[in-house]
Amino acid sequence: MVLTKPDFDVAIIGGGPAGGSMGAYLAKAGVNCVVLERELFPRPHVGESLVPSAMRVFRDLDFIDQMEEAKFPHKFGAAWTAEDRGAYDMDFKGGFKDGDTLAPESHVDIRFNERLQDGVDREYTYHVDRAKFDLMLLQHANKLGAAVYEGVKVGHVDFGPKEPVVRFKMGQNGKEMGLTAKMVIDASGRNTLLGNQLKLKIKDPVFDQYAIHTWFDNYDRKVFSKKDEHRDFIFIHFLPISNTWIWQIPITDAVTSIGVVTQKKNFAKSKQEREEFFWNAVGTRPALRDALQKADRMHAFKDEGDYSYAMKQVTGDRWMMVGDAGRFVDPIFSTGVSIALNSSRFAHNNVIAALEKNDFSRESFSEFENKIRRGTKNWYEFISVYYRLNVLFTYFVGDPRYRLDVLKLLQGDVYDDAAPPVLEKMKKMVSEVEQNEKHPWHKSLGDMTVDAFKHAASI
Ligand SMILES: Cc1cc2nc3c(=O)[nH]c(=O)nc-3n(C[C@H](O)[C@H](O)[C@H](O)COP(=O)(O)OP(=O)(O)OC[C@H]3O[C@@H](n4cnc5c(N)ncnc54)[C@H](O)[C@@H]3O)c2cc1C
């Protein structure tokens, strides 16, 4: 009998930030790996603002110089704005049992350099044009030694007693081909190839957010900047529509990405109604509407729908999922790309150890699974607090006792603590407001995440 070697040690499905970084980590360690990407890069993609924990990945992969050469805008911090009304013009004095005086502002901002981060030696991270960024990262993986096949759509993975066979086609009508690998990493994003195939996907029971977005040229970012340095911050503008907000993300000096996020029930069905919805939503913040109307829309509007889900498991015998392929949490804190990159940072060591021991059982990947679940659970709870009582978030950012602990979460340092104390405190305060109908914030409780903490514990 002739024994044949598998074609690759590792096959990675998808070449976005998760697949590109995984290819780069593995190739850098000398692993024989392939990335299979269905599109021909560059291709546009939503998800343009990073958080600082992404910098550790760029450092590991010797990629920071390239990020600088690409001249992506430096993101030094974040700001949140609201009209001075609704929850914001109530009397907040003495709202809590410990006698705190609460005075949330309608504009808060935070700079990343207020808190030092281990392994991060810059005061900023980046906003990125994803077409350019994803291509650069995939090319970097290729330069480090990963094979990259573009225009190749994976349809199925055959798992049997031996090595998995990845089945793929070139284009729509191509002939189906197969390649073998010792293990498969699903980085197929919200397409969730293995999640669908293995029936592991759980639709998020709480979040059903939709988004509509596009780029504007010559939008004046100074309109909301209290200081000059805010011009390249990400801005999140709260709208007086329940669970609805707008992102403002710098793409270049002149180009800005603007997106409205809302719940499914608010979202219109037809394309035309959606554009109308965009302008109506923006119209609730007149300063923003006026500035956008003076700017030039560069592309057609694009929408993204009902995107939140989890998986019953993110690793198994001979496979794992990284990035969106394993879970999607609401993008309010710009988490997705950094989760994708950090998935690869945490997972690649488990993959290399599995190759060394020739043991590809699910247990070999448990360290990664535990860590990524801890991080995404923390994000999920933080996001749930935010939607349940966003005035509380503003209050915590403004209070020196909690500011740096909140900043730690916003920087993406969410993977080590099973229960970060600041999150526990926030949850406790939410529950006090829920139970006290006379609390001045009671009326501001959002309806969407009422049961979110229960769900966070179960998925
Ligand atoms: C409305 C909205 C706003 C967001 N805003 C932000 C933000 O500001 N900041 C942030 O960090 N994140 C944001 N995100 C999240 C971000 O888009 C994702 O988390 C990120 O792109 C995940 O990277 P990934 O590599 O896992 O998946 P992707 O970037 O989606 O990459 C997956 C790749 O797999 C390929 N693929 C899929 N199926 C197959 C197949 N069968 N065969 C071969 N290839 C395949 C796809 O073509 C794609 O290139 C946002 C998301 C949404 C919906």
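Author: Two strands are taken to pair if DSSP finds at least two bridges between them. Helices (H or I, at least four residues) and strands (E, at least two) are DSSP runs, numbered from the N terminus.

Reader: Understood. In which sense do strand 9 and strand 10 pair, and over how many bridges?

Author: Strand 9 and strand 10 (residues 177–186) are antiparallel, with 4 bridges. This is a predicted model, in which local features need pLDDT of at least 70 and side-chain atom pairs count only at pLDDT 80 or more, while totals for chains, interfaces and linings use all residues. Residues are numbered from 1 along each chain as its sequence is written.

Reader: Which residue is the bridge partner of Arg-167?

Author: Arg-167 has Gly-178 of strand 10 as its bridge partner. The two strands form a hairpin with 6 residues between them, and Gly-171 in the turn has a positive phi of about 65°.

Reader: And how many bridges join strand 8 to strand 9?

Author: Strand 8 is joined to strand 9 (residues 165–170) by 6 bridges, and the two run antiparallel. One of the bridge pairs is Asp-158 with Val-165 of strand 9. Strands 8 and 9 also form a hairpin, with 6 residues between them.

Reader: Turning to the ligand, which residues come nearest?

Author: Gly-16, Gly-47, Gly-189, Gly-323 and Gly-336 come nearest, out of 39 residues around the ligand. A residue counts as near if its C-beta atom, placed from the backbone, lies within 6 Å of the molecule.

Reader: Which elements each supply at least two residues of that shell?

Author: They are helix 1 (17–28), strand 2 (33–37), strand 8 (152–158) and helix 8 (336–357). Helix 8 provides the largest share, 4 residues.

Reader: How does the shell divide into nonpolar, polar and charged residues?

Author: There are 15 nonpolar, 16 polar and 8 charged residues in the shell. Ala, Val, Leu, Ile, Met, Phe, Trp, Tyr, Cys and Pro count as nonpolar, Asp, Glu, Lys and Arg as charged, and the others, Gly among them, as polar.

Reader: Where does helix 8 bend?

Author: Helix 8 bends by about 35° at Ala-347. The bend is the angle between axes fitted to the seven residues ending there and the seven starting there.

Reader: What span does helix 8 reach from its first C-alpha to its last?

Author: The 22 residues of helix 8 reach 32 Å, close to the 32 Å expected at 1.5 Å a residue. The expected span is 1.5 Å times one less than the number of residues. Just after helix 8, Asn-358 adopts a positive phi of about 55°.
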